[in-house]
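This report describes selected features of one structure, in plain terms. The sequence and the model come first, and the text follows.

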Amino acid sequence: MFIAAVRRISCAAGLAAGLLLFAAVLAVCHLVVVRYVLGDSAIWQHEFVTYSLIGATFLGSPYVLLTRGHVNVDLLPIYLGGRARLALALVAAVLGVVFCGLIAWLGAGLWHEAWAGDWHADTVWSPPLWIPYIAMPLGMALVVLQYAADLAAVLTGRESAFGITSGTHEGT
Amino acid sequence: MSELQLGLLVAVVTIVVLLTGVPVAFALGFVAIAFLVAMEGTFALGSVPNVLFAGLDSFALLSIPMFILMGGIIAASRAGADLYEALERWMYRVPGGLMLSNLGACGIFAALSGSSPATCAAIGKMGIPEMRQRGYPTSVATGAIAAGGTLGILIPPSITMIVYGIATETSIGRLFLAGVLPGLMLVALFMAWGLFASWRYGYQIVNPELRFSLRDKLVVLPKVGPFLAIIVGILWVLYGGVATPSEAAGVGAMLCLLLVAVIYRMYRPADLVHVFRNALRESVMILMIIAAAELFSFMMSSLFITQTLAMSVGDMDVNPWVMLAFINIFLLIMGFFLPPVAVILMAAPTLLPIVETLGFDAIWFAVVLTVNMEIGLITPPVGLNLYVINGIAPDVRLQTILWGALPFMLCMVVAIVLLCLFPGIATWLPEYLMGPSI
């Protein structure tokens with residue numbers, strides 16, 4: 001129940017990230033038309049594209065964790081078997097959760113400062129900075145959640161540690 | 001503790017953390033934060049989110065997802081199969097021609113996709129069954145595709161070159177141009193081996209019933225031509241300095257999206273959702289590592305490790321070539337365990353100052369590094385191309401592929417030696433077209 005719910009959330013965040021990526025494609029095309037075809041100067045596109053990409057990175061991260069798209073060194077996980085692999089998966093998850101949890105916490109602090117202080121980017125377009133800043137704490141918090149769901153799946157035996165079922169693994 | 005000892009400790013801790021199997025991005029970030037807090041106290045945490053954010057706050061980074069998307073769109077279409085068929089129709093009477101046309105198709109598709117696994121998959125899907133059916137030994141058929149696919153990261157546009165350019169603040173246009181001649185050289189070396197092997201072991205499998213008219217030979221041109229035109233256009237725009245890589249790649253991705261809709265009738269959302277999903281996964285993976293690597297280099301330079309390392313290497317009285325050989329072996333070993341982009345992001349920012357202190361050129365080093373990474377793509381345990389081949393031909397054992405790929409790996413070693421002897425192979429074209437680098 002918990003696992004399925006978290007997966008839904010991660011997929012939704014992934015969809016949002018995908019839309020941001022697509023928005024970035026459209027914006028950069030718009031930028032090129034404005035700048036090179038119409039000969040005008042671009043005002044908002046650079047920042048919009050950059051912030052979309054930052055948003056896509058952090059919001060896409062839980063989905064990528066869910067689909068095992070984050071590259072890791074899987075030498076030991078493949079080499080070790082059974083309980084040792086399970087123990088290693090726990091260690092790896094703890095390391096990941098510590099980092100992502102810390103970043104979520106620190107990122108939330110940064111976001112709150114930007115929101116409370118009404119920070120704006122020092123540019124012509126001058127968008128409020130809390131919007132791009134929110135992606136980091138939100139995305140990283142969802143990664144922690146996804147880690148919890150993955151752990152629950154492994155510990156209840158629904159999934160094997162590191163998603164390794166036999167000696168081989170699937171390359172991306 | 002001196003900076004050098006500290007640097008050694010960082011290296012050891014990083015390796016241990018990576019070995020647990022935690023994602024590279026999180027591992028780098030974890031180690032960076034751990035050392036910052038250990039050496040400077042918890043107040044160092046205050047700058048962490050800013051550094052992470054700043055690591056991604058760059059318009060130039062957009063070129064990464066855009067090139068991945070462009071390559072993904074082309075790879076999902078039938079362009080690879082068409083390209084392969086076209087070359088086969090031109091070379092069907094040459095002894096070993098099928099292997100040669102496969103290698104050639106890999107070289108051209110490398111330019112279309114910018115990714116090695118994508119090249120391997122696009123050409124291999126057609127090429128491997130065809131070669132096996134026509135009597136090539138399985139090892140040769142799979143080995144040639146595994147090796148030919150690696151060209152994807154050398155021949156421009158190449159995603160690893162973009163990542164190198166961003167990680168080391170080197171001109172991406174120059175890097176792309178630097179990959180052209182070495183890429184062609186490698187194709188030539190591969191083909192030379194292919195010809196030799198066909199002659200020596202008698203794979204002169206020519207089907208006398210096969211006949212292709214000139215019309216057959218030209219029919220595929222209008223299909224693949226537009227994609228090649230986009231790539232050439234992008235290179236032209238980049239070396240002319242007309243637009244930035246992000247702009248060129250963004251428009252390129254859009255054009256490819258329109259072209260596959262028109263030429264290959266790929267316009268249903270279902271076709272494209274898959275492409276976007278893969279592009280998103282790969283981009284997020286790379287961008288997260290970029291953000292974490294920024295934090296890692298911030299830690300390294302805050303603790304004066306990077307600077308001390310480059311200085312002490314400069315003071316050391318060693319032959320630069322010996323040092324370069326060591327660096328390459330180190331990178332090769334990393335390449336056995338990690339995909340090229342991860343190796344470049346982790347190693348390049350620290351290694352490049354050392355390499356430049358030794359008197360080597362940053363652009364030239366990028367090419368040597370890339371060929372080195374190509375070897376890592378076809379060696380276990382993490383040879384991405386091996387897994388791609390495994391997906392295409394699940395009945396072929398890993399040893400068989402490796403055995404077939406071995407001569408091609410030797411070709412790559414020869415290429416590295418040639419690049420060391422004649423650095424101009426990499427540096428001449430960018431300097432000729434864009435002037436000497438400053």
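B:Arg268 has a relative accessible area of 48%, so B:Arg268 counts as partly exposed. The model is predicted, and the values below are computed from it.

**Salt bridges**

B:Arg268 pairs with B:Asp271 in a salt bridge, with 3.7 Å from N to O.

How many salt bridges does the structure hold over all chains? The count is ten.

| B:Arg78 | B:Asp82 | 3.1 Å |

Is B:Asp82 buried or exposed? Its relative accessibility is 3%, so B:Asp82 counts as buried. B:Arg78, joined to B:Asp82 by a salt bridge, is partly exposed at 43%.

Chain A has a network of salt bridges, which links A:Arg7, A:Arg68 and A:Glu159.

Two packed helices are described by the angle between their axes and the distance between the axes.

Helix H3 of chain B (residues 48-56) packs with helix H14 of chain B (residues 269-302) at an angle of about 130°, and the axes are 8 Å apart. H3(B) is therefore oblique to H14(B). Their crossing is right-handed.

In another pair, helix H15 (residues 305-315) and helix H17 (residues 340-357) of chain B have axes that come within 9 Å and cross at roughly 25°. This angle makes H15(B) roughly parallel to H17(B), since angles under 35 degrees count as such. H15(B) also passes H17(B) in a right-handed crossing.

**A nonpolar patch on the surface**

Residues of chains A and B form a nonpolar patch on the surface, with about 1000 Å² of accessible area together. From chain A come A:Val33, A:Tyr36, A:Val37 and A:Leu38. Chain B gives B:Trp236, B:Tyr239, B:Val242, B:Trp428, B:Tyr432 and B:Leu433.

Which elements give two or more residues to the nonpolar patch? They are helix H1 (2-37) of chain A, together with helix H12 (221-239) and helix H21 (424-434) of chain B.

A:Tyr36, one of the patch residues, lies in helix H1 of chain A. Its relative accessibility is 33%, so A:Tyr36 counts as partly exposed.

Methods. Residues numbered from 1 in each chain as written. Chains lettered and ligands numbered in written order. Predicted model: local features only at pLDDT ≥ 70, side-chain atom pairs only at ≥ 80, totals over all residues. Heavy atoms only, no water. Patch = residues over 30% accessible without salt bridge, like charges linked within 9 Å, V, L, I, M, F, W, Y side chains within 5 Å. Areas by Shrake-Rupley, 256 points an atom, 1.4 Å probe, with all protein chains shown as cover. Salt bridge = Lys/Arg side-chain N within 4 Å of Asp/Glu carboxyl O. Helix = DSSP H or I, 4+ residues; strand = E, 2+ residues; numbered from the N terminus. Buried < 20%, exposed > 50% of the residue type's maximum accessible area, 1.4 Å probe, protein only. Axes fitted to C-alpha atoms, helices over the stretch in contact; angles between N-to-C directions. Parallel < 35°, antiparallel > 145°, perpendicular 65-115°, else oblique. Left-handed = near helix turned anticlockwise from the far one by under 90°.
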